[in-house]
Number of protein chains: 2
Amino acid sequence: METFTKVSVVKKANVYFDGKVTSRTVIFEDGEKKTLGIMLPGDYEFGTAAKEIMEILGGSMDVLLPESSEWLTVNEGQSFEVPANSKFKLKVKELADYCCSYINE
Amino acid sequence: METFTKVSVVKKANVYFDGKVTSRTVIFEDGEKKTLGIMLPGDYEFGTAAKEIMEILGGSMDVLLPESSEWLTVNEGQSFEVPANSKFKLKVKELADYCCSYINE
């Protein structure tokens, strides 16, 4: 059972897309931020500020990365990276559990 | 923005009722356990092992406590307590954000 230790967690959830996407914010000792979230089936578009690394902890999703024309399927245990200040699309076909890391460069 | 500090968080989500109820487990330095969760609209029955204190962080729900015949409405900022080794029912009418504390007596 993998855990994050010595972290802070924001009590209230982040809620997007009418609750179809929800997450909790985790802050690490060095200031790094991650969110642990759930996506229900649906089609979503997200914008990034910082660079993001999305790790799929459960379920799967298809992702259309910025400046790409090809959808990629990302399964449990896999990750994808999204550049800062960009947009990406997701098609979630089954409940997905994810960890998003925000990378300040 | 209220946060829990110096805690451990289990990376993977807890998923119940086909994903209509999901939560993350938070462990405190003294070993206390809480879960931070989301409930989508629906009717649910839960069983407790430890005594539980349920705090509503967002939304609202109706609760039927064990050995009670009257449904109570619990709103954001309110809490209710459920004895150990018992069952309780919830009617969730809008997305609810909650914090559940497990109390070992």
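Predicted model: local features only at pLDDT ≥ 70, side-chain atom pairs only at ≥ 80, totals over all residues.

How far is the sulfur of Cys99(A) from the closest cysteine sulfur? I found the closest cysteine sulfur in Cys100(A), at 7.4 Å. A disulfide needs the two sulfur atoms within 2.5 Å, so the Cys99(A) sulfur is too far away for a bond. I also looked up the burial of Cys99(A): it is buried, with a relative accessible area of 1%.

I then turned to chain B. The sulfur of Cys100(B) has its closest cysteine sulfur in Cys99(B), at 7.4 Å, which is too far for a bond. Cys100(B) is buried, and I noted a relative accessible area of 1%.

Next entry: Asp97(B). I located Asp97(B) in strand β11 of chain B, residues 96-103. Is Asp97(B) buried or exposed? Asp97(B) is buried, because its relative accessible area is 5% and the limit for buried is under 20%.

I listed what Asp97(B) touches, leaving out residues up to four places away in sequence. From chain A the list has Lys12(A), Ala13(A) and Arg24(A). From chain B it has Gly37(B), Ile38(B), Glu55(B), Ile56(B), Leu57(B) and Gly58(B). For Ala13(A) I noted the atoms: the side chain of Asp97(B) reaches the backbone nitrogen of Ala13(A) at 2.8 Å. I also checked Glu76(B), which lies 21 residues from Asp97(B) along the chain; their C-alpha atoms are separated by 8.5 Å.

Last entry: strand β3 of chain B, residues 21-27.

I went through the pairings of β3(B).

- With β1(B), residues 3-10, I found two bridges, and the strands run antiparallel. Ser8(B) has Ile27(B) as its bridge partner in β3(B).
- With β2(B), residues 14-16, I found three bridges, also antiparallel. Val15(B) has Thr22(B) as its bridge partner in β3(B). β2(B) and β3(B) form a hairpin with four residues between them, and Phe17(B) in the turn has a positive phi of about 50°.
- With β4(B), residues 33-39, I found seven bridges in the antiparallel sense. Thr25(B) stands opposite Thr35(B) in β4(B). β3(B) and β4(B) form a hairpin with five residues between them, and Gly31(B) in the turn has a positive phi of about 90°.

Technical notes
Residues numbered from 1 in each chain as written. Chains lettered and ligands numbered in written order. Heavy atoms only, no water. Buried < 20%, exposed > 50% of the residue type's maximum accessible area, 1.4 Å probe, protein only. Contact = heavy atoms within 4.5 Å. Polar contact = N/O pair within 3.5 Å; in protein donor to acceptor, adjacent residues only side chain to side chain. Pairing = 2+ DSSP bridges.
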